[in-house]
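Hi,

Here is the structure I promised to pass on.

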Amino acid sequence: MAKKKGSNTVKKGKKVHKKSVRVKINKFYEVSGSSIKRIGKDCPKCGTAVKMGSHKSKDGQIRYSCGKCGTTVWE
Ligand SMILES: [Zn+2]
């Protein structure tokens with residue numbers, strides 16, 4: 001009698017750990033030489049220091065929302 005080899009023993013692949021994504025602080029700033037170029041939209045209520053997050057909608061419109069006061073601006 002032939003021995004039955006154990007079935008359903010699928011070797012699981014090694015788990016690949018995703019590299020931790022670093023939060024880009026200079027996302028809104030572009031340093032070129034000695035000058036700093038500001039990228040992004042400023043909140044009209046909070047002032048120039050507060051940047052607004054941009055979200056692209058399906059229609060192609062870009063929605064800017066402020067995380068501080070919650071103002072939403074469509075563009
Ligand atoms: Zn704001």
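Below is what I found in it.

First, the ground rules. This is a predicted model, where local features need pLDDT of at least 70, side-chain atom pairs count only at pLDDT 80 or more, and totals for chains, interfaces and linings use all residues. Residues are numbered from 1 along each chain as its sequence is written.

On confidence, the chain has a mean pLDDT (the predictor's confidence in each residue, from 0 to 100) of 81, with 80% of its residues at 70 or more. Strand β1 (residues 29–32) is lowest, at a mean of 80, and strand β5 (residues 62–66) is highest, at 92.

The chain has 0 helices and 6 strands (DSSP runs, numbered from the N terminus: H or I of at least four residues for helices, E of at least two for strands).

Now the pairing, which takes at least two DSSP bridges between two strands. β1 and strand β2 (residues 35–38) run antiparallel over 4 bridges, and valine 31 has isoleucine 36 in β2 as its bridge partner. Their hairpin has 2 residues between the strands, and glycine 33 there takes a positive phi near 70 degrees.

The other piece is an open antiparallel sheet of 4 strands, ordered β3-β4-β5-β6. Its edge strands, β3 (41–43) and β6 (72–74), each pair on one side only. Inside that sheet, strand β4 (residues 47–56) meets β5 over 5 antiparallel bridges, with histidine 55 partnered by arginine 63 in β5.

Cheers
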